Amino acid sequence: MIKKFWITIIGALSLITTFAPLSALAMMHEDVFLAHTDHELHVYRISGDQPGKTMMIIGGIQGDEPSGYITADIYADIHLKKGNLIVVPRANFYSILLNRRNGETGDMNRKFSPKPGQKAYHLEEEVVAILKHLIAESDCLLNLHEGSGFFNPKWMNNMENPNRFGQSVIFDAEAYKPPYGKTTIHLGDIANRVIKVVNTQIKNPRYKFKANNHDTLSPTTHHREQRESATFYALTRAQIPAFGIETSKSIKNLKDKTRLHKLVINAMLQEFGIINDSPGIKTEPATLSYLILKVNNNQPYAMRNNDVLNLNIGDNVVVTDIIANYKRGLVADVENIGTSNDTNIPFRFSGNANILIRKDSRIIGRVSLMKNKRTPERKEIPLANLTADSLLVDVNGKFIVVPNNQTIKMKYNGRIIIHSIRTNIAKLDNNISVNLKGFAPPKVNNGNDLLYPIYTDHDLMPRFSVHHQGKRYPIIAYYQQKTIGKFWLELP
């Protein structure tokens, strides 16, 4: 079932692959899934000089825990002498950009065992499916978190007790015996050996780690919610040792938390025979050097922080690159247009706007787009003549421009996102609603389906299609409840 779903989503994703040689044998391979969305997922595979076991490191599955994704990001640049790493620094980029625990549909770390009847498709569900596939390739999983307070098996006070998670290595059972005669996994022994190594390097007694057995398989566990987590999935389905590495949110210095995460990761690498050249910690603030934009497909502009670019209404703009002192976690967000990640997504200038540049959740720069006052005003098209010219749609990760009254043809089990609409009066583009008949947005059905991922195999209601056959659906463009254009979605 997992393999089948992986094959399905690979066909539906925009996948970008790059290779970076590290030595004669070592190699870094990058995959980008769900490109140009605010759920964009970067996966880094690091192969060592010599073969060995593979460890997977996940950061940022909950977006308000920065030491997790910052530490994981460090390991994307590591060089390995032996063994392999699969690093996913920002598993839940959407929640990272908003600096909050939950994503659009809840806690991503509670989606690895879907409840009966739970909606199976969303961009977040696609991320989870990818993570499951990567877990299946691994020999061990580390999920990096920040937990509240300080874990202690004894009740010390409100901030240090058995119900706290901080400064602990969490696992789901002292030992787990997989089915079919496979070797027992002794998670408690692994955790205690690693903690012994780590704690000799920590001076502050309160910062020392403790083993935290959630006993998740037991009917009397106090942590039933963990049965839907990535680590429980890795242990019981992929049958590999899996650990949640929790630093404490009560430790306010981000550099300290990152160092503590690194200590545990390096000890885990040693435990599994993966030999690394220890990565450094980069802690200086992110700063923007340039934002690269193209206007009307002409030569690019290099804009510094707080620069102003004068444009004409109707100019076509795209942010092609962000040059900063960090390589990852960067997005350009055009205010009031698109999503939180508008990098490499073309849009049409319809009025003054700011482009905010973020490194994860923090704004590190802005470029203002202003209407060019020196350009003579064009003769206004009467509002009565307003018509839709085209739609910009993302079909299975590929952008397509669809002229008015034309048809989008796609497979039955694909994904479509209607990104934007262009009219013959550019300044009104952002005031147009687009309604795919037969689709109801998951939140409030306000008749505007822009930017919602739509999965054609179960999000569409056939009774709204032509002749109720479930094959041809109208897409209507409205301005103030008046129809100004019609497009079509056609399935086989």
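**The chain as a whole**

Reply: Before the questions, one figure for this predicted model: of the 492 residues in the chain, buried residues make up 54%.

Me: What radius of gyration does the chain have, and what would a compact globule with 492 residues have?
Reply: The C-alpha atoms of the chain fill a box of roughly 75 × 55 × 50 Å along the principal axes. For 492 residues, a compact globule would have a radius of gyration near 23 Å, and the value for the chain agrees with this. The chain itself has a radius of gyration of 25 Å.

Me: How far apart are the C-alpha atoms of Arg374 and Pro219?
Reply: Arg374 is found in the loop between strand S20 (362-371) and strand S21 (388-395), and its relative accessible area of 75% is over the 50% cut-off, so Arg374 counts as exposed. Along the chain, Arg374 and Pro219 are 155 residues apart, and the separation of their C-alpha atoms is 73 Å.

**Aromatic rings and charges**

Me: Which kind of aromatic pair do Phe171 and Phe243 form?
Reply: The count of aromatic pairs comes to three. In the pair of Phe171 and Phe243 the ring centres are 6.3 Å apart and the planes stand at 70 degrees, and because planes over 60 degrees apart count in this class, the pair is edge-to-face.

Me: Which strands hold Phe171 and Phe243, and are these residues buried or exposed?
Reply: The pair links distant parts of the chain, 72 residues apart, with Phe171 in strand S9 (residues 168-171) and Phe243 in strand S11 (residues 242-248). Phe171 has a relative accessibility of 2% and Phe243 a relative accessible area of 0%, and since buried means under 20%, Phe171 is buried and Phe243 is buried.

Me: Over which rings do the charged ends of Arg328 and Lys359 sit?
Reply: The charged end of Lys359 is 5.0 Å from the centre of the ring over which it sits, that of Tyr326. For Arg328 the distance from its charged end to the ring centre is 5.1 Å, and the ring belongs to Tyr44.

**Helix H7**

Me: What distance separates the end C-alpha atoms of helix H7 (residues 254-271)?
Reply: At the start of H7, a side-chain oxygen of Asn253 comes within 2.8 Å of the backbone nitrogen of Lys255, and just after H7, Gly273 takes a positive phi of about 70 degrees. Buried residues in H7 include Leu260, Leu263, Val264 and Ile265. At 1.5 Å a residue, the 18 residues of H7 should span 26 Å, which agrees with the distance between the end C-alpha atoms, 26 Å.

**Residues in loops**

Me: With which side chain does the side chain of Asn341 make a polar contact?
Reply: Asn341 is found in the loop between strand S17 (330-334) and strand S18 (347-348), and its relative accessible area is 2%, so Asn341 is buried. Leaving aside neighbours within four places in sequence, Asn341 is in contact with residues including His36, Asp38 and Val331. Its side-chain polar contact, at 3.1 Å, is with Thr343.

Me: Is Asp360 buried or exposed?
Reply: Asp360 lies in the loop between strand S19 (353-359) and S20, and its phi is near 60 degrees, a positive value in a residue other than glycine. Its relative accessible area is 3%, so Asp360 is buried.

Technical notes: Residues are numbered from 1 along each chain as its sequence is written. This is a predicted model: local features need pLDDT of at least 70, side-chain atom pairs count only at pLDDT 80 or more; totals for chains, interfaces and linings use all residues. Side-chain values use heavy atoms; hydrogens and water are left out. Rings of Phe, Tyr and Trp (its six-membered ring) pair if their centres lie within 6.5 Å; planes under 30 degrees apart count as stacked, over 60 as edge-to-face and the rest as tilted. Helices (H or I, at least four residues) and strands (E, at least two) are DSSP runs, numbered from the N terminus. Buried means under 20% relative accessible area, exposed over 50%, partly exposed in between (1.4 Å probe, protein chains only). A charge sits over a ring if NZ of Lys or CZ of Arg is within 6 Å of the ring centre and within 35 degrees of the ring normal. The expected span of a helix is 1.5 Å times one less than its number of residues. A polar contact is a pair of N or O atoms within 3.5 Å; within protein, one must be able to donate a hydrogen and the other to accept it, and residues adjacent in sequence count only if both atoms are side-chain atoms. The radius of gyration is taken over C-alpha atoms; the globule rule is 2.2 Å times the number of residues to the power 0.38. Contact means heavy atoms within 4.5 Å.
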